[in-house]
Amino acid sequence: RYHRRVIESASSRTSGSYRRGVPLLLLLLAVIVAAPFAGALFGDRCMLAMDSRLPQFAPFSANSPKGVADRPANFITPDINGYITPQAVMLQRELRAGRLPGWNPYAYCGQSLLANLSLPPFYPPNLLLAFGDPLRVLAWLTVLHLVLAGAFAFAWLSNFGTNRWAAFAGAIATSASAFLMVRFHLTCTVFAAAWFFAHLLA
């Protein structure tokens with residue numbers, strides 16, 4: 001009897017009135033997720049952990065111009081500066097030259113771009129790097145995957161007959177989860193997490 005009620009409730013979620021409200025909720029989700037990134041998406045800000053042009057690390061900061069050492073910096077997430085962004089620039093250079101991104105001779109003792117975990121060139125969204133500034137494209141890719149994570153969570157919760165506002169709350173909780181909020185500098189983690197609920201739906 002309980003399972004019948006769940007199935008009937010889930011079926012009601014496919015009604016016209018329920019479906020009509022979904023696009024607006026997903027649009028609202030996208031706006032809420034994108035809002036904190038507005039400066040990086042449309043303005044002159046970026047998602048770097050620090051200004052790599054300035055020596056902010058001791059002991060080098062001792063010789064920096066006055067005030068440099070006090071500038072905002074996140075020394076826990078420098079991957080975006082020292083690894084992710086250079087990979088994005090290298091990938092963009094190869095794509096724009098019409099070459100298959102094969103080898104990056106500048107990272108460590110050299111490494112494969114084709115097998116790169118952070119920005120795999122055969123992952124379709126990463127091809128957007130060929131069409132814009134790498135830092136801005138990285139911001140758009142991050143927001144895209146945060147929205148996808150929330151949208152798939154919404155769909156998964158709706159499958160169980162969840163009220164659409166409860167499903168929307170679950171979508172926000174997924175997109176703004178602490179797990180994702182502290183991992184913007186690890187693109188592979190954010191990109192993979194976006195598809196978690198999609199796998200559960202499959």
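Reply: One term to begin with: helices here are DSSP runs of at least four residues, numbered from the N terminus. By that numbering, V137 sits in helix 5, which covers residues 134–158. The model is a predicted one.

Me: Is V137 buried or exposed?

Reply: V137 is buried, because its relative accessible area is 10% and buried means under 20%.

Me: What does V137 touch, leaving out residues up to four places away in sequence?

Reply: V137 touches L128, L129 and G132.

Me: And how far is V137 from L41 in space?

Reply: The C-alpha atoms of V137 and L41 are 8.1 Å apart, while the two residues are 96 apart in sequence.

Me: Let's back up. How many helices and strands are in the chain?

Reply: The chain has 9 helices and 2 strands. Along the sequence the pattern reads α-α-α-α-β-β-α-α-α-α-α.

Me: What share of the residues counts as buried?

Reply: The figure is 38% of the 202 residues. As for the surface, the chain exposes about 11900 Å². Carbon and sulfur atoms supply 66% of that area.

Me: What part of the contacts comes from residues 24 or more positions apart?

Reply: They make up 63% of the contacts in the chain that have a separation of 6 or more.

Me: Strands next. Which residues does strand 2 cover?

Reply: Strand 2 is residues 111–112, and Q111 is in it. Q111 counts as buried, because its relative accessibility is 16%.

Me: Which side chains make polar contacts with the side chain of Q111?

Reply: The side chain of Y83 makes one, at 2.8 Å. The side chain of N116 makes another, at 3.4 Å.

Me: What else does Q111 touch?

Reply: Leaving out residues up to four places away in sequence, Q111 touches Q87, G102, W103 and N104, as well as Y83 and N116.

Me: Where is Y108?

Reply: Y108 is in the loop between strand 1 (103–104) and strand 2. Its phi is near 55°, a positive value in a residue other than glycine.

Me: Which residues is N126 in contact with?

Reply: Apart from neighbours within four places in sequence, N126 is in contact with L91, L95, L119, P120, L141 and F191. Q92 is 34 residues from N126 along the chain, and their C-alpha atoms are separated by 9.4 Å.

Me: New topic. How many salt bridges does the count come to?

Reply: The count comes to 1 salt bridge. The side chains of E94 and R99 form it, at 2.9 Å from N to O.

Me: Are those two buried or exposed?

Reply: E94 is buried, with a relative accessible area of 10%. R99 is partly exposed, with a relative accessible area of 43%.

Me: How many disulfides?

Reply: The structure holds 0 disulfides. Among the cysteines, C109 counts as exposed at 80% relative accessibility, and C188 counts as partly exposed at 22%.

Me: Which residues form a nonpolar patch on the surface?

Reply: L24, L27 and V31 form one, with about 310 Å² of accessible area together. L27 belongs to helix 2, residues 16–34. L27 counts as exposed, because its relative accessibility is 53%.

Me: Last one. Where is S175, and what is it in contact with?

Reply: S175 is in helix 6, which covers residues 164–175. S175 is buried, with a relative accessible area of 3%. Leaving aside neighbours within four places in sequence, its contacts are L29, V33, L146, V147, A149, G150, L180 and M181.

Technical notes: Residues are numbered from 1 along each chain as its sequence is written. This is a predicted model: local features need pLDDT of at least 70, side-chain atom pairs count only at pLDDT 80 or more; totals for chains, interfaces and linings use all residues. Side-chain values use heavy atoms; hydrogens and water are left out. Buried means under 20% relative accessible area, exposed over 50%, partly exposed in between (1.4 Å probe, protein chains only). Contact means heavy atoms within 4.5 Å. Patches are made of residues with over 30% relative accessible area and no salt bridge: like charges are joined within 9 Å, nonpolar side chains (Val, Leu, Ile, Met, Phe, Trp, Tyr) within 5 Å. Accessible areas come from the Shrake-Rupley method with a 1.4 Å probe; for residues, only the protein chains shown count as cover. A salt bridge is a side-chain nitrogen of Lys or Arg within 4 Å of a carboxyl oxygen of Asp or Glu. A disulfide is a pair of cysteine sulfur atoms within 2.5 Å. A polar contact is a pair of N or O atoms within 3.5 Å; within protein, one must be able to donate a hydrogen and the other to accept it, and residues adjacent in sequence count only if both atoms are side-chain atoms.
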